[in-house]
Amino acid sequence: MTTTDTNTELKTQEYLINMGPQHPAAHGVLRLILTVDGEIIHKVDPDLGYIHRSIEKMCERDTYKQIVHLTDRLDYLSSHMNNEAVCLAVENAMGIEVPERVKYIRTIMDELTRLASHQLWWGVMGMDIGALTTFMYAFRDREMINDIMEETVGARLTMNYNIPGGLMFDIHPNFQRRVKEFIKHFRKALPEYNTLLSGNIIFKKRLQGIGYISKEDAVAYGVSGPSARGSGISCDVRKIHPYSAYDKVEFNEVLIEGGDSYDRYMVRMKEMEESMNIIEQLIDNIPEGDYQVKTPALIKLPKGEYYQKVESARGEFGVFIISDGKKSPYRLKFRSPGFSNLSILDKISRGHKIADLVAIMSSLDFVIPDIDR
Amino acid sequence: MTRTELQSFLSSKMEGLEFGEETTQYLTVTAPKEKLRELMFLLKDTEELAFDYMFSLTAVDWFPKSLGVIYHLESTKFRHILVVHVNTGNREDDVTIDTVSDIYPTAHFHEREAYDLMGIIFDGHSDLRRLFLTDDWVGHPLRKDYVDEANMIVK
């Protein structure tokens, strides 16, 4: 069922359909202009910019400490990783060494954020395919992470917990206990996810063989994160260019060779287990010490170019800073995983039906503010 | 390849390349814009280099001189990273650079973004339209001399 044969006696013609900007399956304001023949897609032309805020331009007038807070508004489900990328870039450029305690807490927070993001993705993925129950299960568990975040960070979504030089404040006394409670709970809940959806024959038929990405295409189009690992490409920034405490933990990079939507689905399901493994290795060993080091009130980076990549829930997130020695960057570029992942959508959805496009988009896990910036 | 090996390999293969200072994070090379495509083919197709993954493409306004594009390349095989700088001519009237979107398909979207927000014209691009802004938008917002009193807060 990879491509559908359209050679019939009947005369047909191509026409255009607007999908979005307000389409429930787009998870945001993404407009796709589809060229279709019957229900078969011939071309997908994404029309972006409905929530373009020009954050890169705003960064050129803000200070580095302010920029951190803007990054929450990119991929709001990976807000912690986005914050961390800017902080790491500034710290490396200034030569600031953060305490071990900060590195451990950042890594735990990263993985909690990744879990919360993947849970939400799993919930809406089921919903896109037509299984409404998954959403309730996912939100039941995601709520526990949000509560942990609320207690320590003070926010549930846009966290702003990282600052250049460390963390905004120390972890809450309950943090370690509650994280362990959550892991204990989720170890039991994750198999439930698999029983509910992963083995479902209707679900599998909707995804297997749909939206195939070859290894070569994934690299050439800059696809990263779980979407690329579903094609068997090793691209985990946590392994290749380790940052924070990722060099101190043992975890497997989940690789599946298949390349279709179901493989991308399975990568994320297995990644949730790895995230729990990482958290378990760190949560009892958080070293004592300070939670931040003193930095100047107004940070000025030395003249030069700085790039920092981190692994967000969607793939490789990068911050590129060109500094001219002033309080704001001369130019700042966010390399967002969603933008590159979107560029392959046209190629992989040609020949499929419109309903398959919904499945493909879910399996690529788009967050629109991340694409639009 | 290590940084020094990469530098000596590239300078032996091609003339006219300018390398950045030793202190930069990654090896940086500035290419004349006529040689951009030749360099990109060399980087992608040479077996020892194998730069197959373009992870970032940034457009910069080097006000008041020129516009520029910065390509970040990585090899998924060897994991070495190279930064390529290319500059246009005078930013007022000569803002054309050859496209690399046929060499690196990911650049297709990135170049459309650079055209939209910075106004760089990519010669040979198959579909150079605005990506974020509407077709009738005047100007290119990421340029340093862009003025929009209604929508921009300037401190």
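**View 1. Buried residues of helix 14 in chain A of the predicted model.** In helix 14 of chain A, the buried residues are A:Asp356, A:Leu357, A:Val358, A:Ala359, A:Ile360, A:Met361, A:Ser362, A:Ser363 and A:Leu364. A residue is buried if 20 or more other C-beta atoms, placed from the backbone, lie within 10 Å of its own. Helix 14 spans residues 354-364 and is mostly covered, with nine of its eleven residues buried. After helix 14 comes A:Asp365, with a positive phi near 60 degrees. Helices (H or I, at least four residues) and strands (E, at least two) are DSSP runs, numbered from the N terminus. Residues are numbered from 1 along each chain as its sequence is written, chains being lettered from A and ligands numbered from 1 in the order in which they are written. Because the model is predicted, local features need pLDDT of at least 70 and side-chain atom pairs count only at pLDDT 80 or more, whereas totals for chains, interfaces and linings use all residues.

**View 2. Packing of helix 4 against helix 11 in chain A.** Helix 4 (residues 100-129) and helix 11 (residues 261-283) of chain A pack at about 155 degrees, their axes 9 Å apart; axes are lines fitted to C-alpha atoms over the stretch in contact, and angles run from 0 to 180 degrees between N-to-C directions. Helix 4 of chain A is therefore roughly antiparallel to helix 11 of chain A, a term for angles over 145 degrees. Among the residues that meet, helix 4 of chain A supplies A:Tyr104, A:Leu112 and A:Trp121, and helix 11 of chain A supplies A:Tyr265, A:Met272 and A:Ile279. Two residues are in contact if their C-beta atoms, placed from the backbone, lie within 7 Å. The residues of this contact between helix 4 and helix 11 of chain A divide into twelve nonpolar, three polar and four charged. Ala, Val, Leu, Ile, Met, Phe, Trp, Tyr, Cys and Pro count as nonpolar, Asp, Glu, Lys and Arg as charged, and the others, Gly among them, as polar.

**View 3. The side of chain B that touches chain A.** In this view, 25 residues of chain B are in contact with 28 residues of chain A. Strand 3 (53-62) and helix 3 (107-118) of chain B each supply at least two residues of that side. Strand 3 of chain B gives the most, with six residues. The side of chain B that touches chain A comprises 14 nonpolar, eight polar and three charged residues.

**View 4. Elements of chain B.** Chain B has three helices and seven strands, running α-β-β-α-β-β-β-β-α-β from the N terminus.

Key
A residue is buried if 20 or more other C-beta atoms lie within 10 Å of its own, exposed if 12 or fewer, and partly exposed in between; C-beta atoms are placed from the backbone. Angles under 35 degrees count as roughly parallel, over 145 as roughly antiparallel, 65 to 115 as roughly perpendicular and the rest as oblique.
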